[in-house]
2 protein chains.
Amino acid sequence: MSKKFLVGIDIGGTSIKMAVFEDDGTIIDKWEIPTNKDNQGVSIPGDIWTSLENKLKEHSIDPKEVQGMGVGAPGFIDSDTGSIYEAVNIGWKKNFDLGKQLQALSGLPVFVDNDANLAALGENWKGAGNLAENLIAITIGTGVGGGIITNGQVVNGSNGTAGEIGHIMVEADGYACNCGRKGCLETVTSATGMVRQAKEKLKDNPNSLLKTPLEKNGDLTTKDIFDAAKEGDAFSISIIERVADVLGLAIANVATIVNPSKIVIGGGVSKAGDQLLIPLRKAFDSFCLPRISEACEFRIAQLGNDAGVVGAAYLVKQKLS
Amino acid sequence: MSKKFLVGIDIGGTSIKMAVFEDDGTIIDKWEIPTNKDNQGVSIPGDIWTSLENKLKEHSIDPKEVQGMGVGAPGFIDSDTGSIYEAVNIGWKKNFDLGKQLQALSGLPVFVDNDANLAALGENWKGAGNLAENLIAITIGTGVGGGIITNGQVVNGSNGTAGEIGHIMVEADGYACNCGRKGCLETVTSATGMVRQAKEKLKDNPNSLLKTPLEKNGDLTTKDIFDAAKEGDAFSISIIERVADVLGLAIANVATIVNPSKIVIGGGVSKAGDQLLIPLRKAFDSFCLPRISEACEFRIAQLGNDAGVVGAAYLVKQKLS
């Protein structure tokens with residue numbers, strides 16, 4: 001029986017995304033199940049396998065036709081053993097052996113990696129990456145996440161903490177970060193950071209167009225900031241320029257290490273498209289060795305929420321090749 | 001005939017270091033020949049092969065017993081083809097096909113990489129690295145060089161410019177760098193940078209112990225600075241602290257990407273040992289995610305000038321495995 005299918009799973013704090021693929025990455029089916037965090041997430045492996053087994057039956061796929069299962073999870077992961085050192089958002093305690101449990105349930109090869117790393121791998125396979133050998137992926141949303149690919153492989157690091165671009169320190173005396181330190185990149189350039197800067201400095205910029213959405217909705221979004229900038233609002237433009245400047249320097253320094261051919265920007269803030277990419281590229285070029293800048297292209301991520309399951313499926317291909 | 005030998009070659013601006021190894025890395029012989037830069041370095045491949053052929057004869061080694069030849073060169077290298085994009089110090093013009101020429105002369109598999117990358121690989125095999133899967137190597141001398149290993153492999157990047165740690169930008173309005181930009185790490189933390197800071201600020205510190213060696217020798221060295229610091233010279237201590245601070249932040253940010261188990265510091269300035277490592281580690285820890293800091297160890301490089309040939313030999317093992 002030829003093993004022609006791949007399974008990709010992306011475990012999040014609210015839902016678990018699952019998909020079955022042909023070997024070439026064509027999606028046969030994708031669906032979600034809720035993440036049951038009761039009892040420190042103990043039922044999650046069983047929930048995944050039950051749902052997958054049913055779905056395979058529905059498509060008349062024998063589990064023996066599946067090459068393996070790739071799984072992305074938030075937190076720090078030992079990708080050699082598939083054990084999760086820690087994943088606070090899910091409730092898993094230290095060293096939850098997700099990989100082993102899924103393997104025992106399914107009888108399939110199981111490969112586990114960090115969700116941001118697998119999103120990078122997914123974009124590299126079927127999205128904006130085009131199978132780059134060296135790629136930096138950055139997700140700008142509530143926080144700033146990252147995934148790094150060198151020599152075609154995800155970089156996990158020695159304890160699953162590689163690619164933590166959001167925690168590059170950019171201001172020694174900056175804002176408090178969720179990680180307990182100060183001045184991490186994400187305090188300035190995440191959606192949260194952008195909105196906080198706008199709200200804090202709005203009183204010094206009483207004529208800004210941002211007053212209207214703030215008064216109307218009681219809060220601001222990055223979309224409000226990009227929209228106001230489009231209307232020529234100088235204050236909003238200054239916030240975007242600062243973000244582009246700080247992010248451009250941080251990415252330039254990462255590129256000085258990785259020398260990527262592609263830099264893929266995803267997450268909610270990336271929806272701003274060229275409004276973000278143009279000033280970001282300008283700042284990046286000013287901070288980067290010309291030889292590194294010349295070799296790389298900035299792209300907006302293409303797969304959205306599917307990047308994780310696509311990358312998980314590709315991980316299986318890669319590990320079994 | 002069993003292929004039990006490895007050849008490592010390290011091409012520098014003044015001399016070419018060469019060595020023949022057993023498969024386990026034991027050095028059978030090592031020697032140097034001068035680098036003939038006449039006519040844009042055209043005779044270098046022939047010089048290397050003539051010298052190697054003679055040496056193999058001397059040791060009664062048939063070239064057929066050699067697994068392959070690893071070659072390190074300064075500059076930007078296409079490690080897939082063994083072609084040198086550019087190596088100003090040697091005189092090679094654009095796209096000098098070093099790998100192909102050596103292969104044609106020797107009939108052996110030839111693998112070429114950047115010299116700093118191979119020094120990192122050498123330290124990882126037989127020096128301070130202990131075969132780390134993820135390692136950062138930094139050489140602090142006239143400039144600041146670097147080599148990065150992820151997933152056990154050297155990172156070359158998309159056009160041979162990865163690991164250029166010395167060109168991480170640390171001060172947007174800093175000193176002019178050899179690369180044509182301003183404020184690169186090496187302008188502050190190289191030996192050249194340290195000595196320049198000391199000489200410039202010495203007039204504001206007339207009681208510093210550094211006056212004596214400067215008056216005696218007409219110049220300063222980093223050894224003078226470390227020696228004066230040992231005697232309690234506050235000015236020299238302040239220079240070392242600033243270097244540790246700037247270097248510690250830059251390495252912390254690289255470690256945030258790579259999550260290494262080892263950080264190996266080499267080059268002339270590393271001879272200061274704990275006088276550098278202790279303040280450097282303190283600064284690094286203050287800038288780094290605790291999880292990343294906990295996972296990594298700082299070590300002084302152990303192989304000195306042999307790192308390049310050892311890494312070149314290991315590259316052969318790795319590529320043929």
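**Close-up views of a predicted two-chain model**

Residues are numbered from 1 along each chain as its sequence is written, and chains are lettered from A and ligands numbered from 1 in the order in which they are written.

**View 1. Where chain A meets chain B.** Here 36 residues of chain A are in contact with 36 residues of chain B (contact means C-beta atoms, placed from the backbone, within 7 Å). On the chain A side, strand E9 (144-150), helix H9 (234-258) and helix H11 (290-295) each give two or more residues. H9(A) gives the most, with 7 residues. Helices (H or I, at least four residues) and strands (E, at least two) are DSSP runs, numbered from the N terminus. By class, this side of chain A has 19 nonpolar, 14 polar and 3 charged residues; Ala, Val, Leu, Ile, Met, Phe, Trp, Tyr, Cys and Pro count as nonpolar, Asp, Glu, Lys and Arg as charged, and the others, Gly among them, as polar. Of the interface residues of chain A, 100% are also interface residues in chain B, so the copies meet through the same surface.

**View 2. Helix H2 of chain A and its buried face.** Helix H2 (residues 44-58) of chain A has 15 residues and reaches 21 Å from its first C-alpha to its last, close to the 21 Å expected at 1.5 Å a residue (1.5 Å times one less than the number of residues). Its buried residues are A:Ile44, A:Pro45, A:Ile48, A:Leu52 and A:Leu56. Seen down the axis of H2(A), these buried residues fall within an arc of 95°, so they line one face of the helix; the arc is taken over the directions from the helix axis to the C-beta atoms. A residue is buried if 20 or more other C-beta atoms lie within 10 Å of its own, exposed if 12 or fewer, and partly exposed in between, with C-beta atoms placed from the backbone. The cover over the buried residues of H2(A) includes strand E1 (5-11), strand E2 (15-22), helix H1 (38-41) and helix H3 (98-106) of chain A. On the other side of H2(A), A:Asn54, A:Lys57 and A:Glu58 are exposed. Just after H2(A), look for A:Ser60, with a positive phi of about 55°.

**View 3. Strand E4 of chain A and its two partners.** Strand E4 (residues 66-73) of chain A is mostly covered, with 8 of its 8 residues buried. E4(A) pairs with E1(A) in the parallel sense over 5 bridges (pairing requires at least two bridges found by DSSP), and A:Met69 in E4(A) is the bridge partner of A:Val7. E4(A) also pairs in the parallel sense with strand E7 (residues 110-114) of chain A, over 5 bridges. In E7(A), A:Val112 is the bridge partner of A:Val71.

**View 4. The surroundings of A:Gly8.** A:Gly8 is found in strand E1 of chain A and is buried, with 28 other C-beta atoms within 10 Å. Not counting residues up to four places away in sequence, A:Gly8 touches A:Ala19, A:Phe21, A:Gly70, A:Val309, A:Val310, A:Ala312 and A:Ala313.

Note on methods: This is a predicted model: local features need pLDDT of at least 70, side-chain atom pairs count only at pLDDT 80 or more; totals for chains, interfaces and linings use all residues. Two residues are in contact if their C-beta atoms, placed from the backbone, lie within 7 Å.
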